[in-house]
4 protein chains.
Amino acid sequence: MANIAFFGLGNMGASMAKNLVKANFVVTVYDLVGSQVQLLAEAGATPSSSIPEAVASADVVISMLPAGKHVDSLYFGANGVLDNIADNALFIDCSTIESKTAINIGEKLRSCGHRFIDAPVSGGVAGAAAGNLTFIVGGNKTDFDDAQVYLQAMGKNIFLAGNIGAGQVAKICNNMLLAVLMAGTSEALQMGIDNGLDPKVMSDIMLQSSGRNWTLELYNPCPDVMPNVPSSNQYQGGFLVDLMNKDLALAMSTAAENQSVVPLGKLAQSMFQMHGNAGNGKLDFSSIFKAYKHN
Amino acid sequence: MANIAFFGLGNMGASMAKNLVKANFVVTVYDLVGSQVQLLAEAGATPSSSIPEAVASADVVISMLPAGKHVDSLYFGANGVLDNIADNALFIDCSTIESKTAINIGEKLRSCGHRFIDAPVSGGVAGAAAGNLTFIVGGNKTDFDDAQVYLQAMGKNIFLAGNIGAGQVAKICNNMLLAVLMAGTSEALQMGIDNGLDPKVMSDIMLQSSGRNWTLELYNPCPDVMPNVPSSNQYQGGFLVDLMNKDLALAMSTAAENQSVVPLGKLAQSMFQMHGNAGNGKLDFSSIFKAYKHN
Amino acid sequence: MANIAFFGLGNMGASMAKNLVKANFVVTVYDLVGSQVQLLAEAGATPSSSIPEAVASADVVISMLPAGKHVDSLYFGANGVLDNIADNALFIDCSTIESKTAINIGEKLRSCGHRFIDAPVSGGVAGAAAGNLTFIVGGNKTDFDDAQVYLQAMGKNIFLAGNIGAGQVAKICNNMLLAVLMAGTSEALQMGIDNGLDPKVMSDIMLQSSGRNWTLELYNPCPDVMPNVPSSNQYQGGFLVDLMNKDLALAMSTAAENQSVVPLGKLAQSMFQMHGNAGNGKLDFSSIFKAYKHN
Amino acid sequence: MANIAFFGLGNMGASMAKNLVKANFVVTVYDLVGSQVQLLAEAGATPSSSIPEAVASADVVISMLPAGKHVDSLYFGANGVLDNIADNALFIDCSTIESKTAINIGEKLRSCGHRFIDAPVSGGVAGAAAGNLTFIVGGNKTDFDDAQVYLQAMGKNIFLAGNIGAGQVAKICNNMLLAVLMAGTSEALQMGIDNGLDPKVMSDIMLQSSGRNWTLELYNPCPDVMPNVPSSNQYQGGFLVDLMNKDLALAMSTAAENQSVVPLGKLAQSMFQMHGNAGNGKLDFSSIFKAYKHN
């Protein structure tokens, strides 16, 4: 039976760790915030108060952290994971970070006799709680297969996108496209409204036409077209504008890697940046719909 | 039994008229191109050689013409339809034209004792031939209900978008969004490819993620990801870049009506304009994918 | 000596008419707002209370109105100028209108034995008051030469851009470019500020480098870089965002005429539209600088 | 008398080093390409065959290299400049690199007892040859003053933009704005041409109006409007599209540093990227004008 060391008990990570516990894995947890460690201990995880303690008997490391520098520091910092873990561990990083950072991390771990996959998630806080996250993985097939048992405890759809770093690339391409879909759908709906159409009727029509997309299916940005989505709840909850902006910054960094041409992605980023700067950073990202409204 | 006068026997119109004949309607046809009239005569329609002759005993008029000025001239020109048709006819214009032109036409017809719906189509030449076009209708409910029997002979999905002109608005909002989806999906796919991903794998992942949209489902722009789509056939056939540009010009006109804010729609238009100017006007519109390629 | 009928006594027109009076022309004025007519009468113009009265002895007509429809109605409406003026009058329209409207007006006037130039202005309310407006004229050389004496009474730089309509095209191309310069300069300045630079130092450097442009020379959008510009006075006065949006709408209409490709112009329009919708319509257009600020 | 070690003898660097020699400085040169070292030796410089040899008696280091990684490696690599130079040297880096790299370099040099300014140039190969480059400097006032004597031997306008890194920021903001000016001016000119205007007449008008900018003054992108500019010589020479794309990539990196909002800059980048990918990378950057032409 595997012994998992889990790092990063934020909104997402805490739920993911709980789901591993529920699936009867032995999970030792660590976070800089002691109260979060305590919370997980109450849920059945083994608490730890330092990185060395957390990995003392681990053969699997799972991390869920804000950015690449945190992952790098956790793994390779002084008295970090690498200094304290037994050989041939499987590292699963679920953070959303730059793909080139993931590639660097993977190379360093392999050269030290460890295994690594990047496994960024999609599905948000609700998906983490419900255990139906999507994982988009980069790594080799063997490591991917070995990681399945852990990922399935936390999620539902699990994809292998390619080699190490490919998980990050695929996720960020998807989220850049999502930003374009959300902004583009908002524009189209508002243009219809400006010309006298009912957004509900229009959404129905486009859903069955060539304008169909995920936002119209599950996440309509216009208030009161769909129940139980952020737009019908003052854009509370959901996927915050600030987080979309974090992902779009990563998308721009990915685009810069190989001079990819992404004019619509860049414009969507500018729209979400201005929207965030206008004070909407803590609203759901479908609130971009408001940016198209007349005064 | 209704007596239909059908005007405009181009690629779309000819197929639509044939489907009306197949459904056992009495259809009198007229077009400036005599050979097209002859073609329909062979298919069972009644040929006519002038507008007055075409509408002599008509109580339904169906038109499928390139632009608003043609419809206006057909209906209201000297010795046109209005001068020659019996009272209380039902006019169904299936052309894609400016919504304000549709509204003007509707007002003029009503003031002369006739009835009008705008019923632009989606589905292209293939949909017209197969009789499964989508009709997006603007008009009142009674006229919409009365038109159903004719529209169903030519199409499958039939929507009432709102009052007269609303059909045009809904169609053009949808097609502007389609342009954004196609360009945005192309960008995301090419950025993935630039970073080493397989477009097929990436398409599969995005289809099951929040980037899902009509182009990934049915019309992938990247060659050889899907069989039987234009991208896998050198971008032949389908919906031409020139026609997308015609629709985007109408979208910009619709946006100008009420100062709608459509930055992504405008940028998509610029992309398709440049793509057409680069010599790709007669390719399918999914060929915009090529605009993102590295040299 | 010419007898001028002057129509349109708004902020711009009133000052222009006054300058004609100062130059000792015989000027009969008309406006729907009686108090404005009275104001001009006090300044030495001959008041009139109807179009026929205004043109009774006129051989030159000068108009300064909000949009093409007003000019069209003034000239060609029932009991309008055309119905009441003597033969071979010189019409000078200083309004900013669609070039195709100007061309139509010119054709109609010529076919009735009159002469026409379109002569839109640049320089704003201050330029109108000071009598140093710029006139950008479309028309033939003879009419242009004959109009010089009147235009010089109201302005300083007087250009012949081409045939009738060309004045409107040149003005609107210039103003679309101005929108791009103002937004682009704002972006560059704010990016420098974001990275620790002093906007004054940066403006000095760019003024002597390849980023030099009219906005840096005379109209810096960053507060307190230049004295006596709107940005240093809470963006009061100057050229209103609403008016820039009017011009950008005309620019888009001009672009649509011949499918011109203007991606930056379109994006600048979207920026100014959103800026206006956010409640800044009555501020000077250099206030677009605020749209780039961080929160 | 200062003893200068000069590194990087490409098109720019070779001319700059020659001008230092002409100004009677003692200049020791080094480059990986031996023939370039030989060329400078013939012009009066002291050749060297290694970094240690080049800096043996240097108290001033001037570098002109393609990217930040080259500067970093030159200064701090094994047996690089830092390992071999005497204390308290003045380092002047004329390369265009990321500002954060310049800041890092400056901090490292200062901590080792040296002095540093970043001094990127504007003016191109012609300016380097003629000795009238513009230098945009980041650093403290003392170092800036001490560097004047060397910079004046190579250039004409010398600006202090702020602290270390500020030279890079100011240059890159300027060049991003230049890209916007060039693309925006091209759009405006082509829209005028599309509507029947003479580009020469239009350029004259805009030069004296609010559309005035550096490209209209000195570098008109439309062929045959100005003599002796790249557009009138098949876009040969000048500032290559590839180099503008290098600068725009740096601009995007600078924008990402502090989440600057630069929609027009981003769109200009996309335009120049597509233009380069279409095979125009080795043309002058004013060739972007061609991207707006009708087919």
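This is a predicted model: local features need pLDDT of at least 70, side-chain atom pairs count only at pLDDT 80 or more; totals for chains, interfaces and linings use all residues.
1. Chain B has its own relation to chain A. A rotation of 180°, with 0.0 Å of shift along its axis, superposes chain B on chain A, and the RMSD is 0.0 Å. That is the relation of a two-fold axis. Two numbers are needed here because two copies of a chain are related by a rotation about an axis and a shift along it.

2. Which residue of chain B comes closest to the rotation axis? B:Asn213 does, with its C-alpha at 1.9 Å. As for the surface used, 100% of the interface residues of chain B are also interface residues in chain A, so the copies meet through the same surface.

3. The contact between chain B and chain A takes 56 residues from each of these two chains. On the side of chain B that touches chain A, at least two residues each come from strand 8 (133–138), strand 9 (155–162), helix 9 (166–194), helix 10 (199–207), helix 12 (241–257) and helix 13 (263–280) of chain B. Helix 9 of chain B supplies the largest share, 19 residues. By class, this side of chain B has 30 nonpolar, 21 polar and five charged residues.

4. Two packed helices are described by the angle between their axes and the distance between the axes. For helix 1 (residues 11–22) and helix 2 (residues 34–42) of chain D, the angle is about 25° and the axes are 10 Å apart. Angles under 35 degrees count as roughly parallel, and helix 1 and helix 2 of chain D are therefore roughly parallel to each other. Their crossing is right-handed.

5. Which residues make the contact of this helix pair? Helix 1 of chain D contributes D:Ala14, D:Ala17 and D:Lys18, while helix 2 of chain D contributes D:Gln36, D:Leu39 and D:Leu40. By class, the contact of helix 1 with helix 2 of chain D has four nonpolar, one polar and one charged residues.

Definitions and conventions:
Residues are numbered from 1 along each chain as its sequence is written. Chains are lettered from A and ligands numbered from 1 in the order in which they are written. Copies are superposed by least squares on the C-alpha atoms of residues with pLDDT of at least 70 in both. Two residues are in contact if their C-beta atoms, placed from the backbone, lie within 7 Å. Axes are lines fitted to C-alpha atoms, for helices over the stretch in contact, and angles run from 0 to 180 degrees between N-to-C directions. Helices (H or I, at least four residues) and strands (E, at least two) are DSSP runs, numbered from the N terminus. Angles under 35 degrees count as roughly parallel, over 145 as roughly antiparallel, 65 to 115 as roughly perpendicular and the rest as oblique. A crossing is left-handed if the near helix is turned anticlockwise from the far one by less than a right angle, and right-handed if clockwise. Ala, Val, Leu, Ile, Met, Phe, Trp, Tyr, Cys and Pro count as nonpolar, Asp, Glu, Lys and Arg as charged, and the others, Gly among them, as polar.
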